[in-house]
2 protein chains.
Amino acid sequence: MSVTAPLGFRAAGVTAGLKSSGAPDLALVVNDGPERVVAGVFTTNRVVAAPVVWSRQVVADGRADAVVLNSGGANACTGPDGFADTHRTAEHVADVLGVSAGDVVVCSTGLIGERLPMDRLLAGIDDAAAQLAADGGPAAATAIMTTDSVAKTVHIERDGWSVGGMAKGAGMLAPGLATMLCVLTSDAVTSPDEAHAALRAATVVTFDRVDSDGCMSTNDTVVLLTSGASGIRVSEAELADAVTAACAALARALVADAEGATHDVAVTVVGAQTEAAAVAVARAVTRSNLFKAAVFGNDPNWGRVLSAVGTVPEEVAAFDAAQLDVRINGVQVCRASGVGEDRTLVDLAGSREVHVEVDLHAGDARATVWTNDLTHDYVHENSAYST
Amino acid sequence: MSVTAPLGFRAAGVTAGLKSSGAPDLALVVNDGPERVVAGVFTTNRVVAAPVVWSRQVVADGRADAVVLNSGGANACTGPDGFADTHRTAEHVADVLGVSAGDVVVCSTGLIGERLPMDRLLAGIDDAAAQLAADGGPAAATAIMTTDSVAKTVHIERDGWSVGGMAKGAGMLAPGLATMLCVLTSDAVTSPDEAHAALRAATVVTFDRVDSDGCMSTNDTVVLLTSGASGIRVSEAELADAVTAACAALARALVADAEGATHDVAVTVVGAQTEAAAVAVARAVTRSNLFKAAVFGNDPNWGRVLSAVGTVPEEVAAFDAAQLDVRINGVQVCRASGVGEDRTLVDLAGSREVHVEVDLHAGDARATVWTNDLTHDYVHENSAYST
């Protein structure tokens, strides 16, 4: 499992002392080749952390040797000094590994607006480099955890090649450590353009459809490294299929581990004219605090689903507002925008997974967006985090 | 105070038995003229309650005799039967008052997806009509309360004429009874077009800038009735000014009474290229659950402000993401998108009002949007409401 499952990768996870808890907080992933292809997808927030500014440049030429990741500090909103810290981090990794700093991706996660303790971080890099191992993937996955309760790893096997991965983050429901970081590896032979296209195709239907609390991070980063060590040339479609499977598994794991959540909620919109319309309607429902609080209360409150659906503009999603159906865990609680089956038939208390299906009766397209319920613990953890 | 403060209006508030609590739940406001001008502004939700469908038609010709309002049931998502209930309500008011049903505005608030107990409602109308009085405004304001802790009324006096008003709703922070209803009255002489323009101008800068939890109701209605009883002809600008003052006072009262809230938060964006850009940025901040939970925890977490600002697309609001300033209660905690003054200088625990100012350094426009913090009580009340 994890990023060292495919051939051609070494990794390590160590305690650099960035976290007050003393838990591991620095991970290093190295691509030993023979190829050193990289692709990256980053937050679309205009306010981005220094490591995102840096790493966007690193992946631009499709080549990278290593990824260094730290928890314990996001290095966001830290100005030119923070960017210098990221630069220095990459330079140090490059020196230790004998590569170019411009081929070192940097990821950070933690509180915004605080400088990183660079002495400890640089010493941690030395430590991690000394511990790099072909079975170091699990340790790396552990070192990027923040409030995650479990390390999240994946391994998708294909005929003679595979995709491995690790991720941290509990959707945006984690107590303020909202960032989602993910490193994927593959030993398939592919080009930078194909890797980028495959990664983009995968994230659009996986991580982009997880929306715990509607808040967008300054640090979100998903990186794919391919080594070509299997010697097997794959098509872009084959790579996209495996990478999508890996991202889907990790995205589902993020939702399942969302701190403070008591339910994982899949909002599926069917009968849409286009997939984009289905996503827009599903996202409106997953962003309704009223609906999400109702789910926490095990209340199949379909009225709140409908009132969220109704906020989507007509130019975004065509539907007749008088012809909407809603099913919750299979019970059609709303028919033609009116009362359907008895809502007491829906048992939400008994299951962590809640399936909401909205039928727009406007076409054949569909999409699912995952979210969590809005709970006391969400408020507690996000109100108590930085103070 | 309230809707009977201007000349030419009678009102009543009675207990029809729609609420299980036995509290007053039916209000009637009658315009005795000599003029009977009406203007209305309604929710932009595509899923709208039967009374909204009805009342949009009533106000279309600029003339109405009365407004009947009930709490204890929203009559939303109730299908053709629900619309028939609204029609029957208007017919009954019309019969009792000797006017046309097409001149009776209907407003409802309460749980979605439940039919109204029509026998009780119609009997309540008889009762209210019998109690109509020139000092009945406060009773009417009390009868439209749902989870409001206080009746919300206003009276803006001008030279020889005035604007009165009542509103219910606790922003969208009320436990599920999210609807905002507002009736304004004036004894000024004006035309339907001027009344509509004045009301629209007023709501855009008041009720439209209160956003407790980002959820849009199916029932929101703001109605302005003018009687002309003062005999004083006012300009559209004079009317708009007074109506805006009335709406601003009522909107502020909604935020102050938001159930579950411990802080009223004014997010002011300055230095914007346009007022629309300032509103868009302010709204992004007021919709950040992470920021609102931080305020509940008395944490001046400016990083969450910046990460919300950064989600606004460039085509909506121009700014340099590296040049943002944030002040919280006067302390400049963020300068040029980096660390500013010591955040511990901000004392949020000591005041209900929190003032957040974001400077985009992109122009001279500004706007303020009000919201509340995200609290345990919000989650509790919205998870426990309908079950």
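Predicted model: local features only at pLDDT ≥ 70, side-chain atom pairs only at ≥ 80, totals over all residues.
**Confidence**

Chain A has a mean pLDDT of 92, and 96% of its residues reach 70 or more. An exception to keep in mind is the stretch of residues 172-177 of chain A, over which pLDDT stays under 50, although the model gives this stretch 36 contacts beyond four places in sequence.

**The two domains of chain A**

Chain A is divided into domain 1, covering residues 9-256, and domain 2, covering residues 264-383. The contact between them draws 16 residues from domain 1 of chain A and 19 residues from domain 2 of chain A, while the centres of the two domains, taken over C-alpha atoms, are separated by 33 Å. Between these domains three salt bridges are counted, and seven residue pairs, both members at pLDDT 80 or more, are in polar contact across the interface. On the side of domain 1 of chain A that touches domain 2 of chain A, the residues divide into eight nonpolar, three polar and five charged. A salt bridge also joins the side chains of Asp264(A) and Arg252(A), with an N to O distance of 3.2 Å.

**Chain A against chain B**

In the interface between the chains, 55 residues of chain A are in contact with 55 residues of chain B. No salt bridge is counted between chain A and chain B, whereas 13 residue pairs, both members at pLDDT 80 or more, are in polar contact there. Among the elements of chain A that each supply at least two residues of the side touching chain B are helix H8 (289-296), helix H9 (302-309), strand S13 (338-339) and helix H10 (376-383). Of these, H10(A) provides the largest share of that side, with six residues. By class, the side of chain A that touches chain B has 26 nonpolar, 23 polar and six charged residues.

**Buried areas**

| Interface | Buried area | Given by carbon and sulfur atoms |
|---|---|---|
| Domain 1 of chain A and domain 2 of chain A | about 1,400 Å² | 40% |
| Chain A and chain B | about 4,100 Å² | 59% |

Taken with the counts above, the domain interface buries about 1,400 Å² and has three salt bridges, while the interface of chain A and chain B buries about 4,100 Å² and has zero salt bridges.

Key. Residues numbered from 1 in each chain as written. Chains lettered and ligands numbered in written order. Heavy atoms only, no water. Domains from an automatic or database assignment. Contact = heavy atoms within 4.5 Å. Buried area = accessible area lost by both parts, 1.4 Å probe. Salt bridge = Lys/Arg side-chain N within 4 Å of Asp/Glu carboxyl O. Polar contact = N/O pair within 3.5 Å; in protein donor to acceptor, adjacent residues only side chain to side chain. Nonpolar A, V, L, I, M, F, W, Y, C, P; charged D, E, K, R; others polar. Helix = DSSP H or I, 4+ residues; strand = E, 2+ residues; numbered from the N terminus. pLDDT = per-residue confidence, 0-100.
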